[in-house]
Amino acid sequence: MMLQKNISLNSFSKHFFTAIKKFCKFANPLYWRGQGEVTKMKFAKHFFENKRAIFAFWLIAVMLMIGLLAPFIANNQPYYIKVFNHSYYPIFTTNNQIDFYDETGNIKTIDCRQMDWKHLPFDAAIFPFIAYSPNSSDIINADYKSPNDEQLFKNTKGETEQIKFRFKHYLGTNKRGEDVCSGLIHGASISLLVGILSMLIAGFLGIVIGLIAGYFGNDRWQMKRGTVYFLLIGIVLAWFYSFQLRWFSLSDALAISTLFFLFQLLISIIIFVLIIFLFYFFAEKTISRISFFSTPVFIPIDSIIVRIIEVIVSLPVIVLIISIAAIAKPSFTNLIFIIGFIQWTSIARFVRAEMLRIRNAEFMQAAEVMGVKPLQIIFRHALPNTISSALVSLSFGVAQAILIESSLSFLGIGLPVDTVSWGSLINAGCENFQAWWLVIFPGLCIFATVLSFNILGEALRDAMDVRMKK
């Protein structure tokens with residue numbers, strides 16, 4: 001019987017991955033271009049033979065699904081409740097406002113989130129599996145109730161009795177009586193979304209920068225000597241006028257909101273580009289016509305990008321993120337952008353290495369001989385052959401982003417104070433070392449998620465490395 005279940009699970013996994021592959025091929029034909037049917041079959045066979053990778057994938061999928069459905073799994077509002085012969089559906093209301101009939105028949109508008117539905121004299125009700133929101137306090141079970149402690153409940157008559165099973169705190173409570181299991185479920189959405197969204201930003205930056213560095217190298221981009229000199233002067237002046245003079249405006253915008261900061265950053269980038277363009281136009285029209293300054297020189301694009309990566313990598317990442325997070329206003333969006341703009345370096349290095357490996361391949365040289373533009377060569381021919389390294393690095397990066405988010409939440413920065421995450425739950429456990437459940441359960445969630453992404457990354461790396469296959 002167990003063997004049949006395992007076979008059906010593996011079969012369903014294969015069909016699921018086949019559907020994803022077909023969707024990727026339909027959405028972006030460049031992804032599978034040039035890979036060949038044999039390579040696809042080898043990839044699928046090698047990946048599905050790794051049982052740990054299949055288990056890790058489904059564990060991540062389940063956690064992601066739990067995080068996305070968190071408002072319907074853990075909520076103090078019921079799906080359905082009948083009070084005083086009137087039926088309500090609080091959890092499905094769009095504006096959280098409903099017309100409530102009291103026992104005298106009077107109507108009043110209430111906020112579904114503020115109503116204590118569990119203590120109403122209801123005739124029938126259907127509550128979620130966890131009948132508590134992450135920030136809702138159960139005063140009678142406050143002051144660290146463990147999963148094994150006796151938990152109490154006040155009925156509609158005001159009498160204290162043994163808590164009912166559907167209202168039980170399965171993983172205990174914290175100091176304020178907040179349900180730990182509800183915090184874990186809602187924290188899954190925070191941790192996974194921060195990890196995935198931040199690495200999408202880091203992946204875009206890393207892939208683009210890595211492709212440019214690997215393709216152009218140090219010997220493929222030529223400019224006139226006079227243009228180079230003027231551009232160096234222009235870069236210094238552009239940085240001064242666009243960022244240095246506007247530093248206080250950018251820092252104030254970062255403390256206000258993410259959108260306002262992005263708007264101010266866009267203004268600085270426009271000023272920077274305009275100044276660079278003016279210096280380039282002036283140099284091309286005047287000084288570059290002199291014989292000495294008209295000599296073409298190579299621009300070491302690869303060396304410049306590598307030096308920038310080395311500088312960023314040499315900085316302590318957690319200290320840098322803490323410094324930026326201390327200046328910025330704590331918000332979910334700010335944390336995503338901060339982690340995304342810091343974590344692109346590893347992806348850029350992998351993509352650059354793959355690009356250096358294939359830049360002199362026959363199909364690349366054929367495209368150059370045919371007169372294809374460099375950007376078309378990079379994104380149409382080179383990208384499909386380097387995307388595997390980026391995917392593997394993205395998988396490892398998500399795990400690292402989750403650890404960074406948990407560390408910042410543990411320190412109490414990065415996210416708003418009222419946002420519950422796995423790191424904030426562990427931080428609450430530091431107030432009372434005897435409350436082991438506040439540390440063990442969030443720690444296990446972080447450990448399982450990070451380990452799953454690492455196992456998935458290793459499986460993708462082994463499956464996509466064609467040179468390792470027999």
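Accessible areas here come from the Shrake-Rupley method with a 1.4 Å probe, and for residues only the protein chains shown count as cover. On that basis the accessible surface of the protein comes to about 25800 Å², of which 67% belongs to carbon and sulfur atoms. This is a predicted model, in which local features need pLDDT of at least 70 and side-chain atom pairs count only at pLDDT 80 or more, while totals for chains, interfaces and linings use all residues. Residues are numbered from 1 along each chain as its sequence is written, and side-chain values use heavy atoms, with hydrogens and water left out.

**The whole chain**

Of its 470 residues, 43% count as buried, where buried means under 20% relative accessible area, exposed means over 50%, and partly exposed lies in between (1.4 Å probe, protein chains only). Among contacts with a separation of 6 or more, 73% are between residues 24 or more positions apart, a contact being heavy atoms within 4.5 Å.

**Select Ala 448**

Ala 448 belongs to helix 16, which covers residues 437–464. Which residues does Ala 448 touch, not counting those up to four places away in sequence? They are Leu 59 and Met 63.

**Select the nonpolar patch**

Next, show the side chains of Met 65, Leu 68, Leu 69, Phe 72, Tyr 89 and Phe 92, which form a nonpolar patch on the surface with about 620 Å² of accessible area together. Patches are made of residues with over 30% relative accessible area and no salt bridge, like charges being joined within 9 Å and nonpolar side chains (Val, Leu, Ile, Met, Phe, Trp, Tyr) within 5 Å.

**Select the strands**

Strands of a sheet pair through backbone hydrogen bonds, either parallel or antiparallel. In this model, 3 strands form an open sheet in the order 2-1-5, with antiparallel pairing; two strands are taken to pair if DSSP finds at least two bridges between them. Strand 2 (86–88) and strand 5 (122–126) stand at the edges with a single partner strand each, so one side of each is left without a neighbour in the sheet. From one strand to the next, the twist averages 15 degrees, with axes being lines fitted to C-alpha atoms (for helices over the stretch in contact) and angles running from 0 to 180 degrees between N-to-C directions. Strand 1 (residues 80–83) is joined to strand 2 by 3 bridges, and Val 83 stands opposite His 86 in strand 2.

Move on to strand 3 (residues 97–101) and strand 4 (residues 107–111), which pair in the antiparallel sense over 5 bridges. Asp 99 has Thr 109 in strand 4 as its bridge partner. The two strands form a hairpin with 5 residues between them, and Gly 105 in the turn has a positive phi of about 90 degrees.

**Select the salt bridges**

A salt bridge is a side-chain nitrogen of Lys or Arg within 4 Å of a carboxyl oxygen of Asp or Glu, and by this rule the count comes to 5. Select Asp 219 and Arg 359, whose side chains meet in a salt bridge at 3.3 Å, N to O. Asp 219 lies in the loop between helix 5 (180–216) and strand 8 (222–224), and Arg 359 in the loop between helix 12 (344–358) and helix 13 (362–369), so the pair ties together parts that are 140 residues apart in sequence. Asp 219 is partly exposed at 47% relative accessibility, whereas Arg 359 is buried at 11%.

Then select Arg 352 and Asp 302, which meet in a salt bridge at 2.5 Å, N to O. This pair links distant parts of the chain, with Arg 352 in helix 12 and Asp 302 in helix 9 (residues 301–314), 50 residues apart.

**Select Asp 143 and Tyr 144**

Finish in the loop between strand 5 and strand 6 (152–154), where Asp 143 lies. Although not a glycine, Asp 143 has a positive phi of about 65 degrees. Tyr 144, found in the loop between strand 5 and strand 6, is likewise not a glycine and has a positive phi of about 60 degrees. Is each of them buried or exposed? Asp 143 counts as exposed at 56% relative accessibility, while Tyr 144 counts as buried at 12%.

Definitions and conventions. Helices (H or I, at least four residues) and strands (E, at least two) are DSSP runs, numbered from the N terminus.
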